[in-house]
Amino acid sequence: MDGANTPVKTVNVILLGPPGAGKGTQAEKLVESQGMVQLSTGDMLREAKASGTEMGNRVADVMARGELVTDEIVIGLIEEKLTSTDAKGFIFDGFPRTLAQADALGELLEKTGQSLDAVIELEVDDAILVDRIVGRAEQARAAGKPVRADDNAESLKLRLMEYYKKTAPLLGYYHAKGALQSVNAMGSIEEIAAQLADITKSLAA
Ligand code: ADP
């Protein structure tokens, strides 16, 4: 039943996957289809850099190299958003990326009276990731658009290393909590979006 008075449960999900897995693309699709709120630490950090804040300047080189910025900075960004945004259902995109960030997120959600409903892993083979990211940079360049400072083969190598060393352990962490679901993210954008919409809808039911 989908009556106007039926309360809809707020759903909070994490999209987890390597650089180029499509977290940002799929988060945007969930915003459109489910009215959820995207919280992308990558976007927040790029905005800080673009607006020239002191923190933005401090993290710019670290990001361009493909390393992770400190837990303290990104946890601070997320805390600010979680405490200032109405809970409509959050999609965490690019956060958490370390076990310390995962613990901090758990505490923040508890403090704000919310739950984590699922962690969705976007599974993509490494060779495809490299093609997607190098392709994204080439397309942007051809269109005269700005190219991300970390979308080059050298930074990508480091981003992947950082992912496997620091972020992939979160798969085990959330699996142990019974929260992990995996989606094959090598199909078309629309196919993957449909699967993610099904998952979030079933969590809200
Ligand atoms: P990707 O497309 O590689 O997943 P993002 O746009 O999510 O990249 O993030 C770009 C960069 O911003 C990362 O390589 C890292 O330097 C920084 N960053 C973003 N989120 C985090 C985070 N949660 N912890 C640490 N660094 C982060």
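A salt bridge here is a side-chain nitrogen of Lys or Arg within 4 Å of a carboxyl oxygen of Asp or Glu. This is a predicted model: local features need pLDDT of at least 70, side-chain atom pairs count only at pLDDT 80 or more, and totals for chains, interfaces and linings use all residues. Residues are numbered from 1 along each chain as its sequence is written, and side-chain values use heavy atoms, with hydrogens and water left out.

**Stop 1**

Select aspartate 151 and arginine 159. They form a salt bridge, with the closest N and O atoms 2.9 Å apart. Both residues are buried (under 20% relative accessible area; exposed is over 50%, partly exposed in between; 1.4 Å probe, protein chains only).

Arginine 136 sits in helix α6 (residues 126-142), while aspartate 151 is in the loop between α6 and α7, 15 residues apart. Helices (H or I, at least four residues) and strands (E, at least two) are DSSP runs, numbered from the N terminus. Arginine 136 has a relative accessible area of 36%, so it is partly exposed. Aspartate 151 is at 5%, so it counts as buried.

**Stop 2**

The structure holds 12 salt bridges. Another one to select is lysine 111 with glutamate 79, where the closest N and O atoms are 3.4 Å apart. Lysine 111 is in helix α5 (residues 99-111) and glutamate 79 in helix α4 (residues 71-84), so the pair ties together parts 32 residues apart in sequence. Lysine 111 counts as exposed because its relative accessibility is 62%. Glutamate 79, at 31%, counts as partly exposed.

**Stop 2: serine 155**

Move to helix α7 (residues 153-167) and pick serine 155. Is it buried or exposed? Its relative accessibility is 7%, so serine 155 counts as buried. A polar atom of its side chain lies 2.7 Å from the backbone oxygen of alanine 64. Next, display its contacts (heavy atoms within 4.5 Å). Leaving aside neighbours within four places in sequence, serine 155 touches Ala64, Arg65, Gly66, Ala149 and Asp150.

Glycine 66 is worth a click too. This residue follows α3, and its phi is positive, near 100 degrees.

**Stop 4**

Colour α3 by burial. Met55, Gly56, Val59, Ala60, Val62 and Met63 are buried there. The buried residues of α3 pack against α2 and α4.

Now show the largest nonpolar core, which has 33 residues. A nonpolar core is a set of buried Ala, Val, Leu, Ile, Met, Phe, Trp, Tyr and Cys residues joined through side-chain atoms within 4.5 Å. Leu39, Leu45, Val69, Ile78, Leu82, Phe92 and Leu105 touch the most other members. The elements giving two or more residues to this core are β1 (13-16), β2 (37-40), α2 (41-50), α3 (54-65), α4, β3 (90-93), α5 and α8 (169-176). Which of them gives the most? It is α4, with 6 residues.

Zoom in on leucine 45. Beyond neighbours within four places in sequence, leucine 45 is in contact with Met55, Val59, Met63, Val69, Ile73, Val74 and Leu77. Another core, of 19 residues, lies apart from the largest one; among its members are Val11, Ala21, Ala185 and Ile199.

**Stop 3: the ligand**

Select the ligand and its shell.

- Glutamate 67: a polar backbone atom is 2.5 Å from an oxygen atom of the ligand.
- Valine 69: a backbone N or O atom lies 3.1 Å from a nitrogen atom of the ligand.
- Glutamine 101: an N or O atom in the side chain is 2.9 Å from a nitrogen atom of the ligand.

Taken alone, the ligand exposes 550 Å², and the protein buries 96% of that (Shrake-Rupley method, 1.4 Å probe).

**Last stop: alanine 102**

Finish in helix α5 at alanine 102. Its relative accessible area is 3%, so alanine 102 is buried. Leaving aside neighbours within four places in sequence, alanine 102 contacts Pro96, Leu170, Tyr173 and Tyr174.

Key: A polar contact is a pair of N or O atoms within 3.5 Å; within protein, one must be able to donate a hydrogen and the other to accept it, and residues adjacent in sequence count only if both atoms are side-chain atoms.
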